[in-house]
Amino acid sequence: MQMVTKIISLKEKVNSYLFEEIEPYQLSFYRIGFGLLVMFSLIRFSSNGWIESLYINPSYHFSYFGFSWVKPIGVYTYLIFLICFAAALFVTIGYKYRLSIIILFLSFTYIELMDKTTYLNHYYLVSCISFLMIFLPCSNFFSIDSCNLQKNIPRWTVTSLKVMIIIVYVYAGLAKINTDWLIEAQPLKMWLKSKYHIPLIGETFLQNNYVHYLFSWGGMLYDTFIAFFLLNKRTRFFAFIMVIIFHVMTRVLFPPIGIFPYVMIFSCIIFFDNSVHKKIINKISDLFQFNISHNFKSYFIKKHRFHNLGIYIVGIFLFFQILFPLRSKLYPGELLWTEQGYRFSWRVMLIEKTGYTTFKVVDQKNGNFERIINSDYLTNFQEKQMSFQPDMIHEFAQFLGDNYKEKGYSNIAVFAESYVTLNGRPSKQFIDPNFNLYKEKNSLKHKKWIIPLNYDIKKLL
């Protein structure tokens, strides 16, 4: 009986915390900053010519399992980016917010799914956050939608964004607890040594062995614990300074990481109290000479139609984000080698792989065969990414088999000759050269045709 009483008491405390009404400054500022970041990302993508080079020019596109129907639509691909940009703009100003954030989520995610070779963690993070924001009342204040009615928000809406950021950081940190990262300082050692062109530090500081270990251990400790320092009010300001230093340094040393540092720096502001966000919004309103009212009505006066459904969907989604990165444990073999369960798991900057993969298409009826010139079908970027990622190697083999079947070949077999190097190790044969990849249908099952790595990389995750 006493145990039941304690459980009931705990449940009441949790409900009291989650549904406590708070002022909407945090969500309102997050909406503005998030929308601006997405707009900046899309402008950057377009100005660099990547829409054309990555989506329009290639004749073939690698797809995610279950999403082979998501493809670029020729020159109309620009329209998808334009729709996404308009949705991000409307989210920023809070116009038709619910519809705008849904369109933003769908269009941005469609862009992300068009070609697997462009996968980056920060694209996935933007999709995750935009999905969460569908169920959050981010336009309750400082938006076009809230001109007539400004309302408080329940605390769980802010907490959900904090939990998402915590998941990203903690998994990124725990994944770095492995012998390659901590004992060998790889792949940071290779990357930092290649930065000799950076003024002042490139030819001296970054070439030192102790620096490689300092960055490796520091990166692991930072990712694992920074979110907990942000949660603590006493350490929050210091932790945020560390966030800025860490991500600015990451951006300088590793430019291909894109807008990920900006997204993380901005997202960490959500950990600050409402008073900080209020000051920022007041500064913005003064700058643009907006007159805003700070009189908020209760969130629950008019029952929010997404309220009951929203908290359950958000809870399920966050629980999924905790479980999904662990799916790699279901596969045998070395994760960093096979990459089965590697994507969408917040494993950041753990591997440096390069490969060389060629294909042979055989007509088993008469023994005729052709060796494939990959560049006849793929761009340089696609070929580079495909050469060391087994699911892409298999997908391309399937494409080649179908292509030659249309040419009149029968009883087709497709074989791959593949050599890959991982984190500075000697190049090693990657794919069983005697396995017919065309007969193996695409699935989530373990890829038995990957030749195991002989090295034992001990890891926590």
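Select Asp363 and Asn368 to start: in this predicted model, Asp363 stands opposite Asn368 in strand 4. Now widen the selection to the two strands around that pair. Strand 3 and strand 4 are antiparallel, paired over four bridges. Together they form a hairpin, with four residues between the strands. Click on Gly367 in the turn, where phi is positive, about 85 degrees.

Strand 3 and strand 5 run antiparallel and are joined by 11 bridges.

In what order do they lie in the open sheet? The order is 4-3-5-6, and the pairing is antiparallel. Strand 4 (368–371) and strand 6 (428–429) each have a single partner strand, so one side of each has no neighbour in the sheet. These two strands stand at the edges.

Leave the sheet and turn to charged side chains. Side chains of opposite charge can pair when their charged atoms come close. The count for this model comes to 11 salt bridges. The next stops show three of these pairs.

Select Arg343 and Asp391. Their salt bridge has its closest N and O atoms 2.7 Å apart. Arg343 is in the loop between helix 15 and strand 3 (353–363), while Asp391 is in helix 17, so the bridge ties together parts 48 residues apart in sequence. Arg343 is buried, and Asp391 is buried too.

Now select Lys116 and Glu395. Their side chains meet in a salt bridge of 3.5 Å, N to O. Lys116 sits in the loop between helix 5 (97–113) and helix 6 (121–134), and Glu395 in helix 17 (residues 390–406), so this pair ties together parts 279 residues apart in sequence. Are these two residues buried or exposed? Lys116 has a relative accessible area of 6% and is buried. Glu395, at 14% relative accessibility, also counts as buried. Keep both pairs on screen: Lys116, Arg343, Asp391 and Glu395 are linked in a network of salt bridges.

Lys459 is partly exposed, at 27% relative accessible area, whereas Glu334 is buried, at 11%.

Compare Lys195, in the loop between helix 9 (188–193) and helix 10 (209–231). Lys195 is buried but has no salt bridge. How far away is the nearest side chain of opposite charge? That side chain is Glu352, at 9.3 Å. A salt bridge needs the nitrogen and oxygen within 4 Å. Leaving aside residues up to four places away in sequence, Lys195 touches Gly202, Leu206, Leu253, Phe254 and Pro255.

Finish with two helices. Select helix 2 (residues 25–47) and helix 7 (residues 155–175), whose axes come within 9 Å and cross at roughly 50 degrees. The two helices are therefore oblique to each other. Show the side chains where they meet: Gln26, Leu27 and Tyr30 in helix 2, and Thr157, Val158 and Leu161 in helix 7.

Key
Residues are numbered from 1 along each chain as its sequence is written. This is a predicted model: local features need pLDDT of at least 70, side-chain atom pairs count only at pLDDT 80 or more; totals for chains, interfaces and linings use all residues. Side-chain values use heavy atoms; hydrogens and water are left out. Buried means under 20% relative accessible area, exposed over 50%, partly exposed in between (1.4 Å probe, protein chains only). Lys and Arg count as positive and Asp and Glu as negative; His and the chain ends are not counted. Contact means heavy atoms within 4.5 Å. Two strands pair if DSSP finds at least two bridges between them. Axes are lines fitted to C-alpha atoms, for helices over the stretch in contact, and angles run from 0 to 180 degrees between N-to-C directions. Angles under 35 degrees count as roughly parallel, over 145 as roughly antiparallel, 65 to 115 as roughly perpendicular and the rest as oblique.
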